[in-house]
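Open the model in your viewer and show it as a cartoon. Keep the sequence panel in view for this tour.

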Amino acid sequence: MAFQESSKIGHEFQPDGTTIIVDAVGEAHRINMEDIGTEARRIILEIEESIYQWLPQKNSDAFNGFPDISQLSDDLNHPRSIFHQKGNAAVLEPIVSTVQKSLLQSLSSEEDRLAWLQHNEHLLSLFLVAVALTCGIPPRAFQFKSLQFDRCAETGASRGLFLISGCLAIGKPAAKQSEKSRHECLWFLPPALAYSLLFYLAVLRPVVIEVLTLSRKEVARQSTHIFCRTIPRTNGLCSWNGDEITRMLREHTKNINLTLSVGLLRQLYTAFFRQYFPDLCGTRAPADSPMDRQAQHRFYTGQRHCGLTIGNVPRSLGIDVTEARQLGAISQLLHIVFELRLPDAHWKLLLQHSHFLPSLQHDRHALDTARLSVLREYGILSRGAGPPAALKARAVLTTCPFSTPPARSGETFGDAVLVEVLHACLFGEGGPSHHDQTPPGGYPVADMARAISLIVQAVEEWTDGNYRAVVRQVDLTADQHFKELEKLAEKHLRNAKDNWSDEWLTLCRVVRTHRPQNLRRDWNMRGLPKDTLDT
C-alpha cells in the first residue's frame, strides 16, 4: 500500500522552449525554468551569507578555508558519517574546535543562545528549500525528515549522506510504501550547495548541539538527521511536517510567479524531463534478456539482486553503479540548466541544441581565448609570476584598455583583446558564415558586455600573482559579481555606442573580419623517451 499523491496538475510547454504553463486544478500559471534557477542561486548565496553571519569576526576565514570535497574521503560502507571517519576527522577537528570555542564565548547569555538557535532554524529552512529546488525530482515532503548524515543508534537506520564520484549525494529516504522502510534512491547536490552543507554539518552542527545542551534542550536528532527542528515543538515533534515545508518553500521563493509546494515541484520537474530529455524517462519496461531467462528471474530481479556492480556506491543503497549514475545524471542535468554546475564534454554534446544554453554555447572557448589573449597582449607574465604579475594585472584593470571608448573621432573602440574575445563569443571556433553580414546597428551590446566580463575574469585570475581559476558555476559569489559587472558594462557600452556610433560600427566590422591566429606549423615527434621515438 502507498500514500496517495495528487495528479490533478497539467503542463503545457511553450514554443520558446523554456516557458511552462502549469494548470493546477483549473488555475493556470506561466513559469520559466530560468526563474527557478535564478531563485535557487539566490538562495544558495543567502546560505553562504547567513553562514558568514554566524561566524565570529576572527573566524571569518573558516568557511573559505574549509576543505573542498576533493580533499575529503568517504568509505562508502563505513557505518559512521563522513565527518567521523578517521581521515576526515583529523582534518576537520582543528576547524571545529576553533569555531566552537569562539562561538560559545560569544554566546554568554541565554538570550544570545536563543537568538543564535533561531538563526540556525532559518538557515536550515534555506538548506531544505535549496535542496528541493536543485536536487532533481525532490523527495516527498514527509521524506525530508528521514534524511540522515549519520547512523541512528536508536532506530538502526544507516546514514544517507555520501561522497560519490566527487559529488555530495543524499539517499535512502523513508519509503512511501508501507511494507518498506527505506527507498533505493539517490540525489546529487550542486557543488556550491554541497560545500555549504558540508561546512554546516561538520563545523556548525556540533556547536548547535553544544548550545542546546547548555540550554537543556533535546539533541537526539541533531547528531544524525540533516533536517530537524532546532527546538522541538511542545508535543515533542522534532521534524517539520508537509504543510510547514510548503510554507518554507513559499516564503523563500516569493519571486517566482507560482506558489510552490514539494508536490508541485515533483510534478513540474517530471514533466520537464519527460518533455526535453525523454531518454532519462524510459516509458517501456525492459524485456528479459537471455541471461535473465537462463538465470530464471525477471529483468528487475536481476538488476536489483544479482551480479550487482558496486564500484563507488554504498551497498546499503541497494542499487548498482549504473543505476546510481542514472539517478545522479538527473540531478546534474538540472544543475547545468540552472547554471550550478559546469557541463563536461558529455553534457555539452547532449545540450548543444538545447533551448537552455543557447547564448552560452561559445563561452568556454571565449574564456579560453581571453585567458591566452590577456597574457599575450598585456604581458602579465613578462616579468614572471608573483608580485610583478599581480602589479601588471591590477594595472590592466585600472586602465581598462579593452573597454575604453575612443577619445576623439576616428580612434579605435576597445583593443585587440576585445576584438579577439568578442569574435570568440559570437562565432566560437568556426568563425562567421561566409554569407553572414554585420547587423545594421552592429553586434548587440549584451554580447560585448559578456566579452568584457570574460576579459576581466581572465585578468582577475592573475591579481594574486599566480593563476587561480574562477569557476563561476561553483563559486556563486564570483558568478554574482561578474553578472553585476556585465550589467554595468551594458550601461557603459550603451552610452558609448550612442556617442561613438561610427566607431562602434567600425569595431563590429573588425570583429567580423577578424581571423584567429593560424597555428599551423611543422610538427616534430617529441615528448617521449628517445629510445621510444627511435623505434
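Which residue in the turn between β4 and β5 has a positive phi? Select serine 165: its phi is about 50 degrees. Two residues separate β4 and β5, and the two strands form a hairpin.

Before going further, colour by pLDDT, since this is a predicted model. The chain has a mean pLDDT of 82, and 82% of its residues reach 70 or more. Select helix α12, residues 387-399: among the elements of the chain, α12 has the highest mean pLDDT, 95. Then pick helix α8, residues 299-305, where the mean is the lowest, 59. Go next to residues 1-5. Here pLDDT stays under 50, and the model has 11 contacts beyond four places in sequence.

Select strand β4, residues 161-164, together with β5; the two run antiparallel, joined by four bridges. Zoom in on phenylalanine 162, which stands opposite alanine 169 of β5.

Last, show side chains on β5, residues 167-171. Is this strand mostly covered or mostly open? Mostly covered: five of its five residues are buried. In a regular strand, side chains alternate between the two faces of the sheet. Check each face of β5 in turn. Cys167, Ala169 and Gly171 are buried on one side. Turn the view over: Leu168 and Ile170 are buried on the other.

Note on methods. Residues are numbered from 1 along each chain as its sequence is written. This is a predicted model: local features need pLDDT of at least 70, side-chain atom pairs count only at pLDDT 80 or more; totals for chains, interfaces and linings use all residues. Side-chain values use heavy atoms; hydrogens and water are left out. pLDDT is the predictor's confidence in each residue, from 0 to 100. Contact means heavy atoms within 4.5 Å. Buried means under 20% relative accessible area, exposed over 50%, partly exposed in between (1.4 Å probe, protein chains only). Two strands pair if DSSP finds at least two bridges between them.
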